[in-house]
Amino acid sequence: MPDLMLWKDREIKRLKDELERAFSLVCEGLNCPDFKTAAHPLQGALHESSEAIFFDGVITGYRVEDINVEISEDSLVIAGCKREDFCDAEYALSGTFRTSYALPGKIVPEQSVARYRKGRLFVTMPRKRPGFHKMRIEQE
């Protein structure tokens with residue numbers, strides 16, 4: 001086995017980089033997505049004020065019709081599901097994600113609003129106000 005060559009880290013990294021570049025060029029030429037990274041499509045965070053709890057996040061690779069937002073008094077769930085045909089519909093790409101957030105306080109789901117603009121999702125959830133309900137006293 002005298003023909004075997006010992007590969008050094010530098011040579012392996014160079015080969016990996018060249019393969020990734022070639023794959024990206026092929027995908028670009030065929031109008032296909034580049035699959036080099038498999039990052040979670042939703043990156044966001046909760047913020048709060050005395051009046052409301054807010055979610056501000058970026059969703060990559062999904063259209064507004066692919067996204068579903070569900071809320072309850074104490075949680076926020078953001079999910080997505082998509083299917084795309086590419087390369088003359090010879091291949092298909094599908095993907096799903098689902099992320100849950102425990103809210104730092106009770107909210108009023110019916111008054112909450114979600115907005116989507118240019119890949120960015122904004123959710124405003126008004127806080128539930130503690131209060132008393134006046135009761136009528138019936139006389140017997």
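**Talking through the chain**

Analyst: Gladly, and please keep in mind that this is a predicted model.

User: Where does D66 sit, then?

Analyst: D66 is in the loop between β2 (52–59) and β3 (67–71), and its C-alpha atom is 5.4 Å from that of C81, although these two residues are 15 apart along the chain.

User: Is D66 buried or exposed?

Analyst: D66 has a relative accessible area of 10%, and because the cut-off for buried is under 20%, D66 counts as buried.

User: New topic: how many aromatic pairs are there?

Analyst: The count comes to two aromatic pairs. In one of them, the ring centres of F55 and Y101 are 5.2 Å apart with the planes at 50°, so the pair is tilted. F55 belongs to strand β2 and Y101 to strand β5 (residues 91–102), so this pair ties together parts that lie 46 residues apart in sequence.

User: And what about Y62 and F97?

Analyst: Y62 and F97 make an edge-to-face pair, with 5.0 Å from centre to centre and 85° between the planes. Y62 is in the loop between β2 and β3 while F97 is in strand β5, 35 residues away, and both residues are buried.

Conventions
Residues are numbered from 1 along each chain as its sequence is written. This is a predicted model: local features need pLDDT of at least 70, side-chain atom pairs count only at pLDDT 80 or more; totals for chains, interfaces and linings use all residues. Side-chain values use heavy atoms; hydrogens and water are left out. Helices (H or I, at least four residues) and strands (E, at least two) are DSSP runs, numbered from the N terminus. Buried means under 20% relative accessible area, exposed over 50%, partly exposed in between (1.4 Å probe, protein chains only). Rings of Phe, Tyr and Trp (its six-membered ring) pair if their centres lie within 6.5 Å; planes under 30 degrees apart count as stacked, over 60 as edge-to-face and the rest as tilted.
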